[in-house]
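Me: I would like to learn how to read the contacts in a protein–DNA model, one feature at a time. Could you take me through the general idea of each feature and then the case at hand?

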2 protein chains.
Amino acid sequence: MAKTPAGGARPPRADARRNQERILAAAREAFTRHGVDASLNDIARRAGVGPGTLYRHFPTREALLEAMLADRYHALAGHARDLAGTAPPAEAVPRWLSAFVRDLRAFRGLATSMKNALYDEGSVLFVSCKEMQVAWDVLVVHAQVAGVVRQDASPADLLRLAAALAWATEDLPEDTTEADRLLDLMLTGVMRG
Amino acid sequence: MAKTPAGGARPPRADARRNQERILAAAREAFTRHGVDASLNDIARRAGVGPGTLYRHFPTREALLEAMLADRYHALAGHARDLAGTAPPAEAVPRWLSAFVRDLRAFRGLATSMKNALYDEGSVLFVSCKEMQVAWDVLVVHAQVAGVVRQDASPADLLRLAAALAWATEDLPEDTTEADRLLDLMLTGVMRG
DNA sequence: ACCTGAACACCGTTCAAGT
DNA sequence: ACCTGAACACCGTTCAAGT
């Protein structure tokens with residue numbers, strides 16, 4: 001029994017754990033430099049492992065991405081809950097969306113991965129950011145009840161529009177304010193009258 | 001002199017002209033089916049030519065795309081001029097943007113090509129849609145003078161936002177109305193008060 | 001249990017050789 | 001003047017062979 005604990009995964013072998021960490025570090029650097037379409041063979045090479053080892057730990061590119069982003073999504077969920085408790089909805093919604101867009105601009109192509117996830121509930125990435133989605137839903141519904149967000153703009157709509165803004169600005173310098181300017185256009189509306 | 005007319009290109013050889021047409025037809029089908037990242041080798045194969053012949057006629061993927069889209073951009077330019085003369089700005093702007101988004105949804109990945117073009121004035125695609133951009137500029141400025149479009153929303157902003165909507169909806173069925181719904185959110189604004 | 005790395009079927013792109 | 005197609009350096013992915 002001590003050797004096969006019911007329902008529990010054995011602790012990973014030391015070399016496996018080390019490889020996993022090295023792969024993640026190499027992937028983070030490659031994605032930052034070349035975007036989420038960076039070569040997986042190259043990542044394995046730089047991590048000092050064979051391609052098979054990378055695939056053993058992360059069966060798909062999306063799984064690799066998810067492992068790198070789980071923390072961020074968890075933090076965004078916390079941020080949404082904080083804002084719900086401390087800021088008026090009219091401020092909370094734009095502020096959270098701005099943070100979400102900023103995070104989606106971390107790697108080129110990340111907005112596209114997020115879009116795919118938002119349209120596919122079975123995807124690893126969708127599941128991974130579910131906590132965030134729930135917290136965001138609450139925040140938006142509050143804002144709708146308060147009358148500051150249109151009823152026909154769903155929380156998912158806003159996530160998709162934010163992803164679209166991240167996509168539109170993903171090749172601009174990291175410190176650009178263009179994303180926030182376009183976000184303002186979108187939230188307050190382009191047309192008058 | 002008759003054999004080397006000053007400044008004029010000789011009429012293309014018959015086989016060259018035929019190959020060009022076959023390549024364009026194959027590319028149109030491949031882009032429709034697989035998106036703008038479709039395999040160029042495969043397109044050459046289906047057109048019945050060697051890869052070198054494809055590259056001779058279209059040195060880059062963008063050049064191939066441009067040849068397929070030039071007509072469409074010309075038509076969109078005409079559409080913008082028509083609307084400027086016949087419809088009130090408050091209707092003309094949303095109607096043209098809707099048509100632009102529809103065209104950008106013709107192939108998967110086309111919105112991304114357009115985004116790249118809009119940020120690179122030297123690109124083949126940027127030059128190719130210049131007539132369209134000029135006509136659109138006129139339409140938007142009219143709308144701004146009439147007070148129906150914000151002064152701080154430039155014509156280029158609106159093209160980028162429209163491309164972003166096409167990107168956000170590019171994997172949805174061709175006949176979806178989702179793009180128009182999101183366009184309305186963007187134009188009239190998500191937030192109230 | 002985990003890792004290695006050769007192997008496979010692709011890809012974009014080039015360029016010598018043909019006609 | 002134009003075309004061919006082999007060739008090069010990649011890519012993602014798999015899997016037999018090792019330890």
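Me: How far is a base nitrogen of DNA strand C from an N or O atom in the side chain of Asn41(B)?

Reply: A polar contact is a pair of N or O atoms within 3.5 Å; within protein, one must be able to donate a hydrogen and the other to accept it, and residues adjacent in sequence count only if both atoms are side-chain atoms. In this predicted model, the side chain of Asn41(B) has an N or O atom 2.9 Å from a base nitrogen of DNA strand C. The phosphates of DNA strand C are reached too: a phosphate oxygen is 2.8 Å from a polar side-chain atom of Arg61(B), and a phosphate oxygen is 2.3 Å from an N or O atom in the side chain of Asn19(A).

Me: Before going further, which conventions should I keep in mind?

Reply: Residues are numbered from 1 along each chain as its sequence is written, while chains are lettered from A and ligands numbered from 1 in the order in which they are written. Because the model is predicted, local features need pLDDT of at least 70 and side-chain atom pairs count only at pLDDT 80 or more, whereas totals for chains, interfaces and linings use all residues; side-chain values use heavy atoms, with hydrogens and water left out.

Me: Which elements give two or more residues to the surface near DNA strand C?

Reply: A residue is near a strand if one of its heavy atoms lies within 4 Å of it, and helices (H or I, at least four residues) are DSSP runs numbered from the N terminus. Here the elements are helix H1 (14-34) and H3 of chain A, together with helix H2 (40-47) and H3 of chain B. H3(A) gives the most, with five residues.

Me: Which residues come nearest to DNA strand D?

Reply: Of the 21 residues around DNA strand D, the nearest are Asn41(A), Tyr55(A), Arg61(A), Arg13(B) and Asn19(B). The side chain of Asn41(A) places an N or O atom 3.0 Å from a base nitrogen of DNA strand D, and a backbone N or O atom of Gly52(B) lies 3.2 Å from a base oxygen. Of the atoms of DNA strand D within 4 Å of the protein, 62% belong to sugar or phosphate and the rest to bases.

Me: What rotation superposes chain B on chain A?

Reply: Two copies of a chain are related by a rotation about an axis and a shift along it. Superposing by least squares on the C-alpha atoms of residues with pLDDT of at least 70 in both copies, a rotation of 180° with 0.0 Å of shift along its axis brings chain B onto chain A (RMSD 0.0 Å). That is the relation of a two-fold axis. Of the residues of chain B, Gly189(B) comes closest to this axis, its C-alpha lying at 1.7 Å.

Me: How many salt bridges are counted between chain B and chain A?

Reply: A salt bridge is a side-chain nitrogen of Lys or Arg within 4 Å of a carboxyl oxygen of Asp or Glu. The count between chain B and chain A is eight, and one of the pairs is Arg150(B) with Asp184(A) (3.2 Å, N to O).

Me: How much area do chain B and chain A bury between them?

Reply: Buried area is the accessible area (1.4 Å probe) that two parts lose on being put together, summed over both. Chain B and chain A bury about 3,400 Å², 61% of it on carbon and sulfur atoms. On the side of chain B, Arg150(B), Trp167(B) and Met191(B) lose the most area to chain A, together 25% of what that side buries.
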